[in-house]
Amino acid sequence: MAILEEPIKEPVNVKNYIGGDWTESKGKLQDVVNPADGKVIARVPISTADELGDAVLAAKDAFPDWRRTTPLARSRLLFRLKELMEKNFEEVSRIQSQEHGKCIDESRGETRRGIENVEVACGIPTLMQGYCSEDVASGIDEWTLPTPLGVFGIIGPFNFPWMIPLWSAPYAVATGNCVIIKPSSEVPISQMRLAELVEEAGFPPGVWNVVNGGTSVVGAMLDHHEIRGITFVGSTPTGKDVVYRRCGETGKRVIAQCGAKNFMTIMPDCDVDRTISAMMTSFFGNTGQRCLAAANAVIVGDDGFYKPFVDKVIERAAAIKIGYGLDESVQMGPLRDKQKKDKVCRYIELGVKEGAKLRLDGRNFAVSRDYPDICFLGPTIFEGVQPNMRIGSEEIFGPVMSILRAKNLDQAIQMSNASPFGNGHSIFTNDGKSAREFQYNIESGNVGINVGITAPVAFFPFSGMKDSFFGVLHTQGREAVRFFTESKVVIQRWF
Amino acid sequence: MRLHTSSEVMTFCKKMEHDSANYYTNVAQQFRPDAETLLTLVKENTEHITQIERAYYGVITDAIEGCFAFDVDPVDFAFEETPAKGISFKEAVEAAIDMEERIARFYQGAGEQSRGLMADVSRVFTLIAKKRRRRISNIQLLLSGLNPR
């Protein structure tokens, strides 16, 4: 199979999009590197706090008119944006593979998931309706008016450069707010392309802004008194101790979707072949760099089930083809950068020191074709992992599977619930009672039953519990609409 | 090299549809009285590509097993897109039937492999497998009206 054509052929100068203008930043430039071949594909500015301030002013100026634009008219712009996204589907998917490294199937999946959020937000004329009661007291009627708040900040992570800002932004603008998106400086090109499509769709200047940068832009966003709320996806330490805390101090609404350590419980009555296919995607898809990736496989059952099952898992994982995501035959791309690979390698060393049995060592994998071995790492599988080991309890964010054993379903659920995280636990079984027990007792915001990546579709909230989520309402669907609106209650009496 | 990812299977489907369309176009040029029937098949092939692409691009998400959905050996489904030189009409039709059987077998197998993982794609594959089998009967009819050429 051939390598698909790269849409980025020369390094792109990433710009900020503020008030409908593409502006050069005064901040210093940083290289964006394709992790598969090590080539520079873009230069991204590390913008200043003042530039963030300019974007806030632009958004604030745009807000009154945008709020007055009818929901139907706002939805028509979103329909136009959706059409442009479809038209450019393949290009934006390939950009993701170039800037992030993920396989083309994964990139296309990410593109689709992003578009789905725009599709759901297109329903804003009905999604945003309030409710009404006649005669709450004699002659008095009462109703709610969901109203937009103003300017919101959206802070994106590196692992889904296109999709994750789209969990929030379409709902924010559909409800009449203006947004400032700060993409990850490691992968800023998808969001620049998205902003170009937003501009082409005809959104008024200032409604949708993009400011590239790092911690200084994030800090300025969190502190700015004109920003009414923040959505954030990233690590638990940053989400909890920085974003959630500072939003509390400055009176902002917040959705902070954070880290995870997801447990996949495998019952002996599962459909073995399909479960293993799902495991490959869940543990090794996106090279393990997703907050819904399974990390711990808890296998229930005696040796008669356990041993052949694990052997099959190892056989399948060992056959995974690693290489550049634009090579259609590749099943796992590189990690995003060398630092991330080094961190995962340190965890592999740690697992060995902790006494877990290294059954498959990803450090020994061959990369397809002639790519520099900078960010590539193969699937790694440990057996004999205990829940108190660091490899069994900390988020590794790489292609590492830790196998634990449980005597029965209750013990598997206890192990999962002992984790401080609660993002996306799953069970594989053919028994309805086990599935229900699991669903009922598991402490996880997203629960998978024979589904390895528990990613809710756009019209359901992307949930999360415990140390995986800080806030009240979630991104996506109706909860996002509530997050981006304030309920004004009108009580009416006529004399 | 076996095919495992959805993307490479989609590319393979498109290649098969294009190659089989080329075959019919070539045969139609050689045997003009039956060109209309054969060119209808070419049009159908284009429709198959649209159907497959719609299903794939509509259903692909980051949450399903897109990179692990298939295990296909393309060698099992190889065929010649250019009819052999000096081929008779009967031989061309027989080769077409053989080609259609291979393609139908591919779609049937790929549909079964992806059933639990990518349901919409699987459904389209199974549907095209059925259409291909129906097509074989129609192609066989060409032989019944065979004139010596």
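This is a predicted model: local features need pLDDT of at least 70, side-chain atom pairs count only at pLDDT 80 or more; totals for chains, interfaces and linings use all residues.
Residues are numbered from 1 along each chain as its sequence is written, and chains are lettered from A, with ligands numbered from 1, in the order in which they are written.

Chain A is assigned domain 1 (12-258 + 468-493) and domain 2 (262-449), the bounds coming from an automatic or database domain assignment. The C-alpha centres of these two domains of chain A are 31 Å apart. Contact (C-beta atoms, placed from the backbone, within 7 Å) involves 19 residues of domain 1 of chain A and 25 residues of domain 2 of chain A. On the domain 1 side, α3 (89-100) and α4 (104-121) of chain A are the elements that give two or more residues; helices (H or I, at least four residues) and strands (E, at least two) are DSSP runs numbered from the N terminus. This side comprises six nonpolar, eight polar and five charged residues, where Ala, Val, Leu, Ile, Met, Phe, Trp, Tyr, Cys and Pro count as nonpolar, Asp, Glu, Lys and Arg as charged, and the others, Gly among them, as polar.

An open, mixed sheet of seven strands in chain A has the order β15-β16-β17-β14-β13-β19-β20, strands being paired if DSSP finds at least two bridges between them. Because β15 (357-360) and β20 (446-449) of chain A are edge strands with a single partner each, one side of each has no neighbour in the sheet. β15(A) is antiparallel to β16 (380-383) of chain A, with three bridges, and K357(A) has E383(A) as its bridge partner. Helix α12 (338-353) of chain A lies across β15, β16 and β17 (400-406) of chain A, at about 35 degrees to β17(A); axes are lines fitted to C-alpha atoms, for helices over the stretch in contact, and angles run from 0 to 180 degrees between N-to-C directions.

Antiparallel strands β6(A) and β7 (140-148) of chain A are joined by three bridges, with C132(A) partnered by W143(A). In their hairpin, which has two residues between the strands, G139(A) adopts a positive phi near 80 degrees.

Between the chains, 18 residues of chain B meet 23 residues of chain A. Helix α1 (6-30) of chain B supplies the largest share of the chain B side, four residues. That side of chain B contains seven nonpolar, eight polar and three charged residues.

Key
Two residues are in contact if their C-beta atoms, placed from the backbone, lie within 7 Å.
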